[in-house]
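Me: I want to learn how to read a structure feature by feature. Can we work through one together?

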Amino acid sequence: MSLATQRYGAVAMILHWIMALGILALLAIGLIMVHGSLDPGTMFRLFQLHKSIGITILLAALLRLIWRLLHRPPGLPASMAQHEIRLAKLGHFLLYGEMFFLPLTGWALVSSSVFAIPTVLFGLIPWPDLPYLPHLADKRPVEAVFTTLHAYGAYFLMAVLALHILAVLRHHFILRDAVLMRMLPSWRRTRHEDL
Ligand code: HEM
(Lines give C-alpha, C1' and ligand atoms only; values in the text may rest on other atoms or scores of the structure.)
Protein backbone atom coordinates (compact mmCIF):
# COMPACT_ATOMS: atom_id res chain seq x y z
CA MET A 1 0.00 0.00 0.00
CA SER A 2 1.35 3.44 -0.85
CA LEU A 3 2.09 5.78 2.01
CA ALA A 4 -0.48 8.23 0.73
CA THR A 5 -3.13 5.82 2.05
CA GLN A 6 -1.20 5.10 5.27
CA ARG A 7 -1.03 8.68 6.50
CA TYR A 8 -2.74 10.01 9.57
CA GLY A 9 -5.90 11.94 8.73
CA ALA A 10 -6.08 15.75 8.88
CA VAL A 11 -7.96 15.77 12.22
CA ALA A 12 -5.42 13.45 13.89
CA MET A 13 -2.53 15.58 12.56
CA ILE A 14 -4.07 18.88 13.67
CA LEU A 15 -4.82 17.52 17.15
CA HIS A 16 -1.32 16.02 17.42
CA TRP A 17 0.55 19.21 16.54
CA ILE A 18 -1.69 21.63 18.43
CA MET A 19 -1.42 19.45 21.53
CA ALA A 20 2.35 19.04 21.11
CA LEU A 21 2.72 22.83 21.02
CA GLY A 22 0.33 23.31 23.96
CA ILE A 23 2.04 20.68 26.11
CA LEU A 24 5.54 22.07 25.45
CA ALA A 25 4.25 25.55 26.35
CA LEU A 26 2.68 24.17 29.55
CA LEU A 27 5.91 22.47 30.61
CA ALA A 28 7.87 25.69 30.08
CA ILE A 29 5.27 27.97 31.73
CA GLY A 30 4.83 25.50 34.63
CA LEU A 31 8.57 25.41 35.36
CA ILE A 32 8.93 29.20 35.08
CA MET A 33 5.93 30.03 37.30
CA VAL A 34 6.95 27.56 40.03
CA HIS A 35 10.74 27.98 40.00
CA GLY A 36 11.27 31.47 38.52
CA SER A 37 11.40 34.59 40.67
CA LEU A 38 8.65 36.70 39.13
CA ASP A 39 6.67 39.69 40.36
CA PRO A 40 3.18 38.80 41.68
CA GLY A 41 1.34 40.30 38.66
CA THR A 42 3.33 38.30 36.08
CA MET A 43 3.03 35.19 38.26
CA PHE A 44 -0.77 35.57 38.43
CA ARG A 45 -1.04 35.99 34.63
CA LEU A 46 1.21 32.96 34.03
CA PHE A 47 -0.88 30.81 36.39
CA GLN A 48 -4.08 31.84 34.59
CA LEU A 49 -2.47 31.16 31.18
CA HIS A 50 -1.18 27.78 32.40
CA LYS A 51 -4.62 26.80 33.69
CA SER A 52 -6.30 28.01 30.46
CA ILE A 53 -3.99 26.06 28.13
CA GLY A 54 -4.13 23.06 30.49
CA ILE A 55 -7.94 22.84 30.44
CA THR A 56 -7.87 23.28 26.64
CA ILE A 57 -5.48 20.32 26.48
CA LEU A 58 -7.90 18.27 28.59
CA LEU A 59 -10.76 19.01 26.18
CA ALA A 60 -8.54 18.34 23.15
CA ALA A 61 -7.38 15.05 24.74
CA LEU A 62 -11.02 13.95 25.10
CA LEU A 63 -11.66 14.77 21.45
CA ARG A 64 -8.44 13.04 20.44
CA LEU A 65 -9.23 9.87 22.39
CA ILE A 66 -12.71 9.66 20.84
CA TRP A 67 -11.20 10.24 17.38
CA ARG A 68 -8.53 7.59 18.00
CA LEU A 69 -11.13 5.02 19.09
CA LEU A 70 -13.17 5.68 15.95
CA HIS A 71 -10.24 5.75 13.48
CA ARG A 72 -7.52 3.14 13.14
CA PRO A 73 -4.07 4.75 12.93
CA PRO A 74 -1.77 3.63 10.09
CA GLY A 75 0.18 0.48 10.95
CA LEU A 76 3.82 0.60 12.06
CA PRO A 77 6.54 -0.27 9.50
CA ALA A 78 6.78 -4.02 8.82
CA SER A 79 10.53 -3.83 9.50
CA MET A 80 9.96 -3.13 13.22
CA ALA A 81 10.74 -5.96 15.68
CA GLN A 82 8.06 -7.13 18.14
CA HIS A 83 9.79 -5.53 21.13
CA GLU A 84 10.03 -2.21 19.25
CA ILE A 85 6.32 -2.33 18.45
CA ARG A 86 5.53 -3.10 22.11
CA LEU A 87 7.73 -0.19 23.25
CA ALA A 88 6.11 2.21 20.75
CA LYS A 89 2.63 1.16 21.91
CA LEU A 90 3.62 1.53 25.58
CA GLY A 91 4.99 5.02 24.82
CA HIS A 92 1.78 6.06 23.06
CA PHE A 93 -0.33 4.64 25.91
CA LEU A 94 1.71 6.60 28.49
CA LEU A 95 1.39 9.79 26.45
CA TYR A 96 -2.39 9.39 26.26
CA GLY A 97 -2.47 8.70 30.01
CA GLU A 98 -0.46 11.86 30.75
CA MET A 99 -2.74 13.97 28.53
CA PHE A 100 -5.47 13.23 31.09
CA PHE A 101 -3.47 12.74 34.29
CA LEU A 102 -1.75 16.15 34.19
CA PRO A 103 -4.78 18.34 33.46
CA LEU A 104 -6.88 16.40 36.01
CA THR A 105 -4.29 16.64 38.81
CA GLY A 106 -3.79 20.33 37.91
CA TRP A 107 -7.53 20.94 38.08
CA ALA A 108 -7.71 19.00 41.37
CA LEU A 109 -4.85 20.95 42.98
CA VAL A 110 -6.45 24.25 41.98
CA SER A 111 -9.83 23.05 43.30
CA SER A 112 -8.31 22.08 46.67
CA SER A 113 -6.11 25.18 46.92
CA VAL A 114 -6.39 27.16 50.15
CA PHE A 115 -6.12 30.34 48.04
CA ALA A 116 -9.30 29.40 46.10
CA ILE A 117 -8.36 31.59 43.12
CA PRO A 118 -11.04 31.31 40.40
CA THR A 119 -10.02 29.96 36.98
CA VAL A 120 -11.10 32.13 34.02
CA LEU A 121 -10.06 30.55 30.73
CA PHE A 122 -8.10 33.08 28.64
CA GLY A 123 -9.68 35.85 30.77
CA LEU A 124 -13.07 35.12 29.18
CA ILE A 125 -14.72 31.89 30.31
CA PRO A 126 -15.19 31.15 34.02
CA TRP A 127 -14.23 27.51 34.68
CA PRO A 128 -15.66 25.70 37.74
CA ASP A 129 -13.64 23.86 40.37
CA LEU A 130 -14.05 20.09 40.66
CA PRO A 131 -16.88 19.12 43.01
CA TYR A 132 -16.26 18.24 46.70
CA LEU A 133 -12.61 19.40 46.90
CA PRO A 134 -13.29 23.13 47.55
CA HIS A 135 -15.45 22.21 50.59
CA LEU A 136 -12.98 19.98 52.44
CA ALA A 137 -12.42 20.92 56.08
CA ASP A 138 -8.63 20.65 55.73
CA LYS A 139 -7.58 21.28 52.12
CA ARG A 140 -3.87 21.69 52.76
CA PRO A 141 -2.78 17.98 52.72
CA VAL A 142 -5.03 17.22 49.74
CA GLU A 143 -3.60 20.14 47.77
CA ALA A 144 -0.09 18.95 48.67
CA VAL A 145 -0.78 15.43 47.34
CA PHE A 146 -2.19 16.71 44.02
CA THR A 147 0.65 19.24 43.67
CA THR A 148 3.23 16.47 44.13
CA LEU A 149 1.41 14.15 41.69
CA HIS A 150 1.18 17.00 39.16
CA ALA A 151 4.87 17.92 39.42
CA TYR A 152 6.19 14.32 39.25
CA GLY A 153 3.69 13.55 36.48
CA ALA A 154 5.13 16.49 34.53
CA TYR A 155 8.73 15.31 35.06
CA PHE A 156 7.72 11.81 33.94
CA LEU A 157 6.06 13.31 30.86
CA MET A 158 9.30 15.14 30.02
CA ALA A 159 11.14 11.78 30.05
CA VAL A 160 8.51 9.99 27.93
CA LEU A 161 8.40 12.93 25.48
CA ALA A 162 12.19 12.89 25.13
CA LEU A 163 12.09 9.15 24.29
CA HIS A 164 9.18 9.71 21.88
CA ILE A 165 11.12 12.42 20.02
CA LEU A 166 14.36 10.37 19.98
CA ALA A 167 12.45 7.37 18.59
CA VAL A 168 10.93 9.50 15.80
CA LEU A 169 14.35 10.96 14.94
CA ARG A 170 15.81 7.43 14.82
CA HIS A 171 13.06 6.37 12.39
CA HIS A 172 13.61 9.41 10.22
CA PHE A 173 17.40 9.72 10.10
CA ILE A 174 18.71 6.19 10.84
CA LEU A 175 16.03 3.74 9.71
CA ARG A 176 14.90 6.23 7.04
CA ASP A 177 11.29 5.10 7.08
CA ALA A 178 8.13 7.25 6.84
CA VAL A 179 7.04 7.32 10.49
CA LEU A 180 7.61 11.09 10.85
CA MET A 181 6.40 12.04 7.36
CA ARG A 182 2.99 10.45 7.80
CA MET A 183 2.27 12.79 10.72
CA LEU A 184 3.19 15.83 8.57
CA PRO A 185 0.92 17.53 5.99
CA SER A 186 1.37 16.25 2.44
CA TRP A 187 3.19 19.39 1.25
CA ARG A 188 6.06 18.13 3.45
CA ARG A 189 6.26 14.84 1.50
CA THR A 190 9.74 13.82 0.46
CA ARG A 191 11.32 10.77 -1.04
CA HIS A 192 11.03 9.16 2.43
CA GLU A 193 7.43 8.50 1.53
CA ASP A 194 8.48 6.09 -1.14
CA LEU A 195 10.40 3.93 1.34
C1 HEM B 1 -0.85 18.66 29.90
C2 HEM B 1 -1.21 19.51 30.86
C3 HEM B 1 -0.26 20.11 31.87
C4 HEM B 1 1.13 20.11 31.94
C5 HEM B 1 2.11 19.47 30.97
C6 HEM B 1 1.50 20.86 33.13
C7 HEM B 1 2.80 21.07 33.55
C8 HEM B 1 3.16 21.68 34.74
C9 HEM B 1 4.52 21.84 35.24
C10 HEM B 1 5.78 21.39 34.52
C11 HEM B 1 4.45 22.46 36.43
C12 HEM B 1 5.63 22.79 37.35
C13 HEM B 1 5.85 21.61 38.30
C14 HEM B 1 6.97 21.85 39.29
O15 HEM B 1 8.14 21.91 38.88
O16 HEM B 1 6.68 21.93 40.51
C17 HEM B 1 3.05 22.73 36.71
C18 HEM B 1 2.57 23.38 37.84
C19 HEM B 1 1.25 23.76 38.02
N20 HEM B 1 0.17 23.44 37.21
FE21 HEM B 1 0.25 22.39 35.51
N22 HEM B 1 0.35 21.31 33.74
C23 HEM B 1 -0.74 20.88 33.01
C24 HEM B 1 -2.09 21.15 33.27
C25 HEM B 1 -2.57 21.94 34.30
C26 HEM B 1 -3.95 22.30 34.53
C27 HEM B 1 -5.15 21.88 33.67
C28 HEM B 1 -3.99 23.09 35.65
C29 HEM B 1 -5.17 23.74 36.34
C30 HEM B 1 -6.38 23.91 35.84
C31 HEM B 1 -2.62 23.22 36.12
C32 HEM B 1 -2.25 23.93 37.24
C33 HEM B 1 -0.97 24.02 37.74
C34 HEM B 1 -0.62 24.76 38.94
C35 HEM B 1 -1.57 25.59 39.83
C36 HEM B 1 0.76 24.57 39.14
C37 HEM B 1 1.63 25.13 40.28
C38 HEM B 1 1.68 24.09 41.40
C39 HEM B 1 2.51 24.63 42.55
O40 HEM B 1 2.04 25.58 43.17
O41 HEM B 1 3.59 24.09 42.79
N42 HEM B 1 -1.79 22.52 35.29
N43 HEM B 1 2.29 22.24 35.66
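Me: In which helix is the place of Leu 169?

Reply: First, the ground rules. This is a predicted model, where local features need pLDDT of at least 70, side-chain atom pairs count only at pLDDT 80 or more, and totals for chains, interfaces and linings use all residues. Residues are numbered from 1 along each chain as its sequence is written, and side-chain values use heavy atoms, with hydrogens and water left out. Helices (H or I, at least four residues) and strands (E, at least two) are DSSP runs, numbered from the N terminus. Leu 169 sits in helix H4, residues 140–174.

Me: Is Leu 169 buried or partly exposed?

Reply: Buried means under 20% relative accessible area, exposed over 50%, and partly exposed in between, with a 1.4 Å probe and protein chains only. Leu 169 has a relative accessible area of 38%, so it is partly exposed.

Me: Which residues form the nonpolar patch on the surface?

Reply: Patches take residues with over 30% relative accessible area and no salt bridge; like charges are joined within 9 Å, nonpolar side chains (Val, Leu, Ile, Met, Phe, Trp, Tyr) within 5 Å. Areas come from the Shrake-Rupley method with a 1.4 Å probe, and for residues only the protein chains shown count as cover. Here the patch consists of Leu 163, Ile 165, Leu 166, Leu 169, Phe 173, Ile 174 and Leu 175. Together they have about 730 Å² of accessible area.

Me: How many helices and strands are there in the protein chain?

Reply: Four helices and two strands. From the N terminus on, the order is α-α-α-β-β-α. Of the 195 residues, 38% count as buried.

Me: What are the protein donors of the iron atom of the ligand?

Reply: Donors are N, O and S atoms within 2.8 Å of the metal (3.2 Å for Na, K and Ca); water is not among the atoms, so sites may look incomplete. The protein supplies His 50 (NE2) and His 150 (NE2), lying 2.0 Å from the iron atom. His 50 lies in helix H2 (residues 40–70) and His 150 in helix H4, so the pair ties together parts 100 residues apart in sequence. Both His 50 and His 150 are buried.

Me: What is the geometry of the site of the iron atom?

Reply: Six donors count as octahedral, and four as square planar, if opposite donors are over 155 degrees apart and all others between 65 and 115; four count as tetrahedral if all angles lie between 85 and 135 degrees; anything else is irregular. This site is octahedral, with angles of 88 to 179° among its six donor atoms.

Me: Which side chains meet in a salt bridge?

Reply: Side chains of opposite charge can pair when their charged atoms come close. The criterion is a side-chain nitrogen of Lys or Arg within 4 Å of a carboxyl oxygen of Asp or Glu. The structure holds one such bridge. Glu 84 and Arg 170 form it, at 3.0 Å, N to O. The pair links distant parts of the chain, with Glu 84 in helix H3 (residues 82–111) and Arg 170 in helix H4, 86 residues apart.

Me: Where does UniProt place the feature "transmembrane region"?

Reply: UniProt positions are given in the numbering used here, feature names are shortened, and annotations may be inferred rather than shown by experiment. The unreviewed UniProt entry lists residues 12–33, 53–70, 99–125 and 145–169. In the model, residues 145–169 are 100% helix and 0% strand, with end C-alpha atoms 36 Å apart. Residues 99–125 are 48% helix and 15% strand, with end C-alpha atoms 22 Å apart.
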